[in-house]
Amino acid sequence: MKTLRIGSGAGYSGDRIEPAVELAEHGDLDYLVFECLAERTIALAQQARISDPQGGYDPLLSERMRRVLPFVGVQTGRRRLRVITNMGAANPVSAAAEVRRIAGEMGLDLKVLAVVGDDVLTLLQPDFLLDNGQTVGSLGERLISANAYLGVDGILQALHADADVVITGRVADPSLFLAPQMFEFGWTEDDWQRLGRGTLVGHLLECAGQVSGGYFADPGFKDVDDLARLGFPLAEIDADGEAVITKVTGSGGRVSRATCTEQLIYEVHDPAAYLTPDVTADFSQVGFVEEGADRVRAQGAGGRSRPAQLKVSVGYLDGWIGEGQMSYGGPGAVARAQLARDVVLKRLELMGVKMQDVRAELIGMDSLHGPRSTVEPWEVRLRVAARCEERSEAVRVGNEVETLYTNGPSGGGGASKSVRQVVAVASLLLPRNAVKPRIEA
């Protein structure tokens, strides 16, 4: 029986590259998938494309491709390795052109195709209601993006066109992994049981190192060997969608029933109805069996008909955040930092700085759980941050913290300040037949 091998090369935009290269070189893979797109990530990418029409794709695309393309395609004595990724972000066509350029420089003859159709900004109507209670029309010129979560359709088109590299925009995370399973095994779009199983594989792999011990590690409670050399996971899948999760032999990390269980419940609200563009997956009966060291069989997933609507992620500008930080150390550090906090907040009030929300915290004391610690630390860092409608107001927040150097308690140092624009995201639903995925060369 044919066994398909799919590896996870990234779990987010800034993920490490070395484990992906290890998979490409030593994983004996059929497919290497890079999942690099979050809701806010694509909104930021759309913002970047506004200033540079040829930009808007993942900033690590070029480096990742330079590292793994030598292993892509048909090579003697190896499986044919293909790459699927949503690193196209807001501009899959330009991303595909960049990959073709890199392949050409390396003397590689590869077919690179882009999947488009997720950008649905022109389909939005002013009266469409977002999940935050606002309407699309109320956003006005602050609206910057609207991307539908596509499923497997466009990727399947590209694979049937014999693509070596498939570059997408906003595609649902597990769909990136489900598409090659459907293509290789000939599953139909209404084979709900197998689509549910294939979606489970995608869900387990989509966060890369998270299922092989990264983020799982907790010394003394959940130990992970050689975390510095964490290996990214791969799945061995049969024609019925049954799969074993494992990693490259000799790589660091850990694949166990516990790591797979933690990843299973990640971002799943209803395990009996995990909604994707391709299937309503049922994870309620999923179980894991350890078949050996770093080998876990995933079983028990099911599925039923897919939703009639697609989720759309809407990005919009939502003001500015101004921030300043200052450190205090030695005897009385906490008292001086507390005084500095009180002083800054009072000065911002006296100056009439227009703030919609403000946080003033002592990192290491009360920034996460409130004022709980009874131990006097040897050092503490003050952070003051505020959301403002205008950039000029946000600038004043960081400036006022910086002035603590000479206008605040003694011993302050290591000041920093920043201003950043807030790109917020909200969601709505569109009928799936309104969205038309397609491929472009």
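Buried area is taken here as the accessible area (1.4 Å probe) that two parts lose on being put together, summed over both. The structure is a predicted model, in which local features need pLDDT of at least 70 and side-chain atom pairs count only at pLDDT 80 or more, while totals for chains, interfaces and linings use all residues. Residues are numbered from 1 along each chain as its sequence is written, and side-chain values use heavy atoms, with hydrogens and water left out.

An automatic or database domain assignment divides the chain into domain 1 (4-119 + 147-307) and domain 2 (314-426). The centres of the two domains, taken over C-alpha atoms, are separated by 39 Å. Between domain 1 and domain 2, about 440 Å² is buried, and carbon and sulfur atoms give 58% of this area. On the domain 1 side, Arg40, Ala43 and Gln47 lose the most area to domain 2, together 73% of what that side buries. Five residues of domain 1 are in contact (heavy atoms within 4.5 Å) with five residues of domain 2. The count of salt bridges (a side-chain nitrogen of Lys or Arg within 4 Å of a carboxyl oxygen of Asp or Glu) between domain 1 and domain 2 is zero.
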